[in-house]
Every structure is written in structure tokens, then in C-alpha cells.
Amino acid sequence: MNEISPSAVLRYTAFSADPDGGNPAGVVLDASGMDESQMLAVAADLGYSESAFLTGRTGAAAPGARGYAIRYFSPKAEVPFCGHATIATALALAERDGPGDLEFATAAGPVPVTVVREGAELRATLTSVEPHITDVSPDDLVEALAGLGWPATDLDPALPPRIAYAGARHLVLAAATRERLAALDYDFGRVESLMHRLDLTTLQLVWRASETVFHVRDPFPVGGVVEDPATGAAAAAFGAYLRALSLVPEAVGLTLHQGEDMGRPGTLTVTLRAGDTRVRVSGTGTRIPAAVRQQPFSG
């Protein structure tokens, strides 16, 4: 078991070009000598919602793409897929090796990522694994609302509750007003218990501002985090949810605003394409300077 040098742990934020915005992630570009306990220790020490670890090169399925095996850890446990840490890792690789096509071998399946330069910024776009949605039982919905402290009348009937998957499972609950979404003060232990039972990664709480613009929040107690500031995996799952329920056109671009209520605003772009059930999630990002390497999210 090799010791990991502190300098090998990079810190990037995803879905914002401001290091004080978006969602921070730890990134280790060479974790080939690390075991699970070391990866978990790094993630716990950082206190970010997730950190990503590249464990080796792979043969990429797409011609010309650089392939890597990747693992993701929250401060509490390994997770099968993390969108913002994928974006952060892709940007770190692009800064080191140049923009282009990547493919990450995740526990959920292969995830292609393309990084392009737009002016002074790099932008990464991931393509999800095959998504699906399932119903949530009435009893589980009652328990979720009780844990959140939300009356059922505060839900938007136009966006019914569902469990959505695009690499990880998320319970989608739509608030009827922006004020309801902003007033998030939930029972950490109660929500965590429900999420473990339903194998959920986050609750995807949403409010629809317009046909294509949404505000979202993601409690993440199963990862030891009160709230995730910008959640790429949930954004992909939410795109699949909207299409499956015919709530948006088959081909559309969506804008998700997240982190505003935490003081870490970020923007996620979700793209649905006709004839392709997978979901694309895009965003910018930047390396976090040493001066702002805070640990704001552990709960």
C-alpha cells in the first residue's frame, strides 16, 4: 500500500468558472497504488461531496478517446457514479494533456466525456449510461416528505415524484414554489435511513422556473453531506425523468441552476437528443487555489 502525496490530490470545482462556486471535488490522476481505505480517507479528509480516483488506463471503446478506470468516494462510502467529479477529472486531464475525447470506465458503465476550449474556458460534456425511471410507493413518498418537513400540498402536481437513474438513483420531488425549495431544513437521520433503504444517492429537489429552466437542490446525507452544491449525476437522471414523462420535447437543451441557496452558484446544461435515450450534462470548471481550499459540506 503506497502513501499518497498531498500534492497528488488536486482540487477542482465543476459547473462554475469561479472557484467559490459550483461543486468542489478532489481529483487524483494516478491512484493506481491506492486501496479503498486510502481513497476513502482522502475523500473524508477533503470533506467534499465526492472525490474521483483514476486507477489506470483502459482501452477506450470510442476510436481516438483516452480511456481511464475511475472510482468515486464520498466522505462516507464509494458511489457508482458522480457527475461533477467526472467533469472535474476531465478538466484536470484536459489541462494536463489537452482537450479531446475521454472515456471513463465507471461502476455504472462507460461514460464518454468530451472537453473543448471555449475562449479562455474549458467545457466538459459527459454522456450518461442508459437511464430509466421507476415509481415511488405512496408510503415511501410520505416518509420522504416527512423527513423533509414538506406538506404534500407543497409539491408541484405537474411534475410527479419518481425515482430516476442515469448512473445513480435519485428521488425527484418538485416544489410548487421557489420559496418552498429555498426553505430546506430536513431531518438528516430520517432522510438518510430512507435513502439507504431505497438505494438513493440524493434527493433531486426541483422548481420549474420556465419550460427549460429549473432550480435544483440535492440533499446527500448518505454521503455524509448535508447538501450537494451541483450534482451532475442527478442532472442526468432529471433529464431522463423529464423526457420519460413527456414534460419536455424529445430534443431540447435545459438549464439547471444549483447552489444559489448555499452561496455556491453553479450552472448545469442538460441536453436531450432525438433518437438517443442517453443524457448529456455539460459545464465549466476550474482548479481551486490553496487559499480557498475549505471543507464546507461534511455533515
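Tutor: Helices and strands here are DSSP runs, at least four residues long for a helix and at least two for a strand, and they are numbered from the N terminus. In those terms, Phe15 lies in the loop between strand E1 (9-14) and strand E2 (23-28). The model is a predicted one. The phi of Phe15 is positive, near 75°, and Phe15 is a residue other than glycine. Buried means under 20% relative accessible area, and Phe15, with a relative accessible area of 2%, is buried.

Asp199 can be set beside it. Asp199 is found in the loop between helix H5 (188-198) and strand E12 (202-208). The phi of Asp199 is near 55°, again a positive value in a residue other than glycine. Asp199 counts as exposed, at 54% relative accessibility.

The chain contains 6 helices and 18 strands. Its radius of gyration is 18 Å, close to the 19 Å that the globule rule gives for 299 residues, so the chain is as compact as a globular protein of that length. Along the principal axes, the C-alpha atoms fill a box of roughly 50 × 40 × 30 Å. Of the 299 residues, 55% count as buried. Among contacts with a separation of 6 or more, 67% are between residues 24 or more positions apart. The chain exposes about 11,400 Å², and carbon and sulfur atoms supply 51% of that area.

In soluble globular proteins, nonpolar side chains tend to be buried together. The largest nonpolar core in this chain has 83 residues, and the members that touch the most others are Phe104, Val113, Val115, Phe238, Leu256 and Val281. Apart from that core lies another, of 12 residues, among them Val28, Met34, Met39 and Ile288.

Strand E6 (residues 100-106) and strand E7 (residues 109-118) run antiparallel and are joined by 7 bridges. Across this pair, Phe104 stands opposite Val111 in E7. The hairpin that joins E6 to E7 passes through 2 residues. Setting aside residues up to four places away in sequence, Val113 touches Thr86, Ala90, Gly100, Asp101, Leu102, Phe104, Ala124, Thr125 and Leu126.

E7 also pairs with strand E8 (residues 121-127), in the antiparallel sense and over 6 bridges. Glu118 stands opposite Glu121 in E8. E7 and E8 form a hairpin with 2 residues between them, and Gly119 in the turn has a positive phi of about 65°.

Helix H2 (residues 83-97) has 15 residues and reaches 21 Å from its first C-alpha to its last, close to the 21 Å expected at 1.5 Å a residue. Since 12 of the 15 residues of H2 are buried, this helix is largely enclosed by the rest of the structure. The buried residues of H2 include Thr86, Ile87, Ala90 and Leu93. After H2 comes Gly98, whose phi is positive, near 100°.

Helix H6 (residues 232-244) has 13 residues and spans 18 Å from first C-alpha to last, close to the 18 Å expected at 1.5 Å a residue. With 12 of its 13 residues buried, H6 is largely enclosed by the rest of the structure. Phe238 is one of the buried residues of H6, which also include Tyr241 and Leu242. Ser246, which follows H6, has a positive phi near 55°.

Thr255 stands opposite Thr269 in E16. In a regular strand the side chains alternate between the two faces of the sheet. E16 and strand E17 (residues 276-283) pair in the antiparallel sense over 5 bridges. The bridge partner of Leu272 in E17 is Val279. E16 and E17 form a hairpin with 2 residues between them, and Gly275 in its turn has a positive phi of about 80°.

Technical notes: Residues are numbered from 1 along each chain as its sequence is written. This is a predicted model: local features need pLDDT of at least 70, side-chain atom pairs count only at pLDDT 80 or more; totals for chains, interfaces and linings use all residues. Side-chain values use heavy atoms; hydrogens and water are left out. The expected span of a helix is 1.5 Å times one less than its number of residues. Buried means under 20% relative accessible area, exposed over 50%, partly exposed in between (1.4 Å probe, protein chains only). Two strands pair if DSSP finds at least two bridges between them. The radius of gyration is taken over C-alpha atoms; the globule rule is 2.2 Å times the number of residues to the power 0.38. Contact means heavy atoms within 4.5 Å. Accessible areas come from the Shrake-Rupley method with a 1.4 Å probe; for residues, only the protein chains shown count as cover. A nonpolar core is a set of buried Ala, Val, Leu, Ile, Met, Phe, Trp, Tyr and Cys residues joined through side-chain atoms within 4.5 Å.
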